[in-house]
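Hi everyone, thanks for coming. Let's have a look at the structure together, and I'll talk you through a few spots.

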Amino acid sequence: MKKNDSSSEIDTPRVGGIHYKVGTQAGHIIRVDDKLIIDASSMGIFKIKKNWQNLRDVDLLMELKILNNLPESQITPDMLEELRQKYANDWKNWPVKLGAPYVDINENGIYDPVLDADGYPALELGDYPGMNQADQTLFMVINDLDSVKVKSLSGALPLGLEVQITLWSYETDFLPLAHTIFKRYVIVNKSNHAIDSMFIGQFVDADVGDYSDDLLGCDTLLNLAFAYNGNEVDFEAIKKDLPPPALGYCLLQGPIVETGNTSDVGYKNFNPLNGFKNLPMTSFVYWASGGSMADPPLGVIDYTLQMYNMLNGYIPTNDLKYPTPYVAGSGPNAGQPTKFPLSGDLINDPQGLFGDVDGQGWNMGPSDRRFMMNTGPFTLNPDESQEIILAIIGGLERDRLGAVKQVKNIVNYLRAAYQNQFKNVLPRPDVPQVKATPFDEYVVLNWGWDAESVQRIEQQVKNGFRFEGYNVYQLPRADARLDDPQNVKIATFDLINDVEKISGLKAHPVNGRYYETLLQEGSNSGVKHYLVIKEDQINKTKFIRGSTYYFAVTSYNYNPELPEYPSLESDYQAVNVIIQDEPPGDRYFSEAEQEIEVVTSKESNVLCLVNVVDPAAVTGHDYQVYFTLDTDTASATYGMYLWNLKDLTTGLTVLTGQSIKEIDEDSPPDKMDEDQLIVDGLQVKVLTRPDGLAAIVQVAGAEGILTREENVWHSLSWIYDPNRFYISAGGGNGTIERLLSGINHAHGHDFELRFTDSGGWYLWWDEDSNKVAARVPFEAWDVGPATYDDPSDDIRCLTGGYSGGATPGVFDFAYQDPFFGFAATDWIDIRKPLNEQGSYQAFAQDIESGAFTYQWWDNSVEVLSNIIICDFGGARTLPPSGTVIRFITTKGPDQELTFTFTAPDKIENDLDLMKKDVEKINVFPNPYYAASRLEPDRFTHFVTFNHLPPHAVIRIFTLNGILVRKLEKNDDSQFFRWDLKNEKGRPVASGMYVIHVDMPELGKQKILKLLVISSEQIH
């Protein structure tokens, strides 16, 4: 619409689109010599499915039944093939040039697919058609150049628009996506004139179930318009034994307009643009068939006038100059004008006492309703485009209001997914990469060998869903579903947090209805990346050698913000294992979970534990754990030491940047850090105690250095001290934690209180009057990281604190130890200088000058606090000169600390051992008696040879020398099956058979005998 300079005149607007009549036609607009023509090749609907190469007839049949409204009996094989070919052709010829979306794998903004041998884009190898993660995408282009069609709709002239429409959906049981179809409009102005004051309206004639009993509503916070049933029973839904459903249209992205504010962010073509914003739903309007507000009359200019008023949020009248507003029909604002009628809180206020709710107050009762959600205005200049994205949502719950609530809950997730521009819109976690190694009596499952896979699973956040744990299953068959009743969940390894049982909605495997159930059950066990399984969990028996077993590991996530669907479990890749001892020519020299001896380069409080996970994967190499300081200021571990693992035999670093875990005193170290990655069949753990004190000892007395250090923490000093003492902590219960408030500044250095004749200054800095100091007969020293015999790194520290006994200025025994109750000194804090301004000399000068500027305070840090010396002897005297009390801190890692170890060895493919292992070749079961418990069904029969080398030729003879069957094995397995059939494919007769096994590469043969008793002979 264009406004004249005179406000008294308004040009007649133009309105086009699709309503009860279609004002558009198919096709992309091309400009040729200033004429607009339609590209004939662009007409029609292009549609693709991600799994187009594997479409089943039953899938195509279902689509054709719905699409053509035909019974199954009328769908022909030709129709199935035509649809199958349609999907193939559109995948190959996806109209990206017309605006069809594609997955840009390399993110270069260019559609450059990698084509297979037949010219089709290869999925995941390069760019491919459709929306990311979507299972089906439809695309079409329409325009309004046909003036006859436009006039038959609105009585107006065409606007000159092209509209590119994309619809997509996801095949999943994740309810927010299972109930949603997404719709994207790209509107391009192909005319030569600017379109001013433009609005877009999404018209909906919902007909929720039975069309005659609908109600409507809108939610301005969610940009949502919805329709629901006016009665508790819907006559159409009840025919399918369903409660009343609900339908919602959510405006995820409105037109983009420039704001000039760089903090604003708008989105277009799935890219952010600063200084712009997307318009929200700017009005919601509704009317009803046969009501006072009815459908605008088609094909006349009245339609355009009324529709343009509705696009602006007004009642459908012809008066553009003085439009009539909608008014609220219920609640405290009843009768007040609004552009958002029916926007009350239907869920919490269904009677409309506090807001405008349809069917309440003055609002009409249930009927055949229509609505339109609008957004605008904006200007669309020639060749400019705008993009609108909508979500169409279905709700189905226990009742009609529950269905609306479900729609709103789904919208909350969809809006979060949109804010992430549909990346990871389906938040199902990745599948763990599992290696399974069988042994004679156990199986090792290892899903910690692939560091990239583990990081993707455990670190990636998908629209609020975060990793929570792993499940380990034994399956009855390789193709068993996770909900198969025969499946056994062997173990769950989950994060140690407050999340254990996770409940939510789950789709029923038969009818697809969602029901509340337990989704996951954790135990706060801690995450682990391997499991040693020692028995058949399905049959509760020991593993049977030669039998095949199936296992799977899944990951699951959690999002507490979505209580109805808070967790998803990954798909899985079934791994099958045949229980066996070492393959021919192989020998293992370790067992699963065997501990490896580790040698350290120096004493520390760091612990390195190494265990075998997979004896078949170890290398026999030498390894070294070394430490590096994280200097990346953007890193979460900045300033911390990280550990790395180097294979000294190959010179390769096989693990880098691993965090050091603190030892939990309530857990044994070998049970901690179980989530560590698996490398070369080994799990390496590096643990450290938290910053603290390893010991407080007396190392010298008045007579000199003690021959044995004496523990003085809550324990008596040297027996020959003239007045025996002990060390405790002031305040609280007198526990050691009281000393440690600044221990993180110690950095592994130790500290000493040295009692001397000259002593030093003590300042009561924790008193209200913090300008009182006195000389005391002791000094505090930083003596370095256990470098007691090297005085060159000793630094004198600052001493001060709190009187404890309310006697500041006098360092005495006026305090009482809160732990044992003996008389105790003032509290001693020790501060470590950071530079010259924080040195003891600066501290002493500040006191002696009487200035007490405390400039040294910010140039020093506290390392120990609240130390008290307790008088056990009763003389109330401090330790004599020459006494030294040493505070030994826990020693963390540094660049000089290393751990080395040697992995167990193994032998593989040794020719001499293979020859020796020929003696182990056997066939089982023997005798074969009609059937075997290894056989999956009564139609499948076989015996199994074991301990075979990679290549073997097996000849089976009757006792009289007739060749029954010749078999040849060429693979790495030690097993090979004979299906008990002869060369003609017929079952062999009962009897004794002689088997000749030839192993040409080994120059060896083996003769076996097998007794076969067929089921026919038994019967």
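With 8 residues, H1 gives the most to the lining of the second largest pocket. This is a predicted model, where local features need pLDDT of at least 70, side-chain atom pairs count only at pLDDT 80 or more, and totals for chains, interfaces and linings use all residues. Residues are numbered from 1 along each chain as its sequence is written, and side-chain values use heavy atoms, with hydrogens and water left out.

Helices (H or I, at least four residues) and strands (E, at least two) are DSSP runs, numbered from the N terminus.

So what is the volume of this second largest pocket? It is about 1,500 Å³, a volume being the space filled by probe spheres set on grid points, joined across faces, edges and corners. A pocket here is an open set of points on a 1 Å grid over the protein atoms alone, where a 1.4 Å probe fits, with protein on both sides within 12 Å along at least five of seven lines; lining residues have an atom within 4 Å of a point. Of the 36 lining residues, Lys49, Met62, Ile66, Gln136 and Ser169 are closest to the centre. Besides H1, elements supplying at least two residues include strand E4 (46–49) and strand E8 (161–169).

Back to H1 (residues 57–68): its axis comes within 10 Å of that of H2 (residues 77–92), and they cross at roughly 100 degrees. That makes the two helices roughly perpendicular (65 to 115 degrees); axes are lines fitted to C-alpha atoms over the stretch in contact, with angles from 0 to 180 degrees between N-to-C directions. Contact (heavy atoms within 4.5 Å) involves, among them, Leu60 and Leu64 of H1 and Leu83 and Tyr87 of H2.

Notes:
Parallel < 35°, antiparallel > 145°, perpendicular 65-115°, else oblique.
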